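User: Hello! Could you walk me through this structure and tell me what stands behind each term?

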Amino acid sequence: PVTVRRFGVGDDLRNCRMIYLGFNERLQVERVMRGLGNVPVLVVGEGDAFVDCGGMIGFVKREDKVRIQ
């Protein structure tokens, strides 16, 4: 089963299997990745720079279509 939860700044995310960071959280990617350390968590988000900042899968809009970066 899938459980969706909202977390706040400073919450422990290490028990998650996947984390989605929306466009407004894109500046938090590096902090989240540091907090996870070596814990195997898939980090997904939006925006051109998401993967460059440490995210694993980034969704970007190209030619009116959503693409995976």
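Analyst: Gladly. Helices (H or I, at least four residues) and strands (E, at least two) are DSSP runs, numbered from the N terminus. By that rule the protein chain comes to one helix and four strands, in the order β-α-β-β-β from the N terminus on. This is a predicted model, where local features need pLDDT of at least 70, side-chain atom pairs count only at pLDDT 80 or more, and totals for chains, interfaces and linings use all residues. Residues are numbered from 1 along each chain as its sequence is written, and side-chain values use heavy atoms, with hydrogens and water left out.

User: What makes S2 and S3 a pair?

Analyst: Two strands pair if DSSP finds at least two bridges between them. Strand S2 (residues 42-46) and strand S3 (residues 57-62) have three bridges, in the parallel sense, and Gly45 stands opposite Gly58 in S3. S3 and S4 also pass, with four bridges in the antiparallel sense; here Lys61 faces Val66 in S4. These two strands form a hairpin with two residues between them, and Glu63 in the turn has a positive phi of about 50°.

User: Why do S1 and S4 count as edges of the sheet?

Analyst: The open sheet has the order S1-S2-S3-S4, with mixed pairing. Strand S1 (18-21) and strand S4 (65-68) each have a single partner strand, so one side of each is left without a neighbour in the sheet.

User: How do you know that H1 lies across S1 and S2, and at what angle does it run to S1?

Analyst: Contact means heavy atoms within 4.5 Å. Axes are lines fitted to C-alpha atoms, for helices over the stretch in contact, with angles from 0 to 180 degrees between N-to-C directions. Helix H1 (residues 29-36) lies across both strands and runs at about 165° to S1.

User: What makes the protein chain agree with a compact globule?

Analyst: The radius of gyration is taken over C-alpha atoms, and the globule rule is 2.2 Å times the number of residues to the power 0.38. For 69 residues a compact globule would have a value near 11 Å; the protein chain has 12 Å, so the two agree. The C-alpha atoms fill a box of roughly 35 × 30 × 20 Å, taken along the principal axes.
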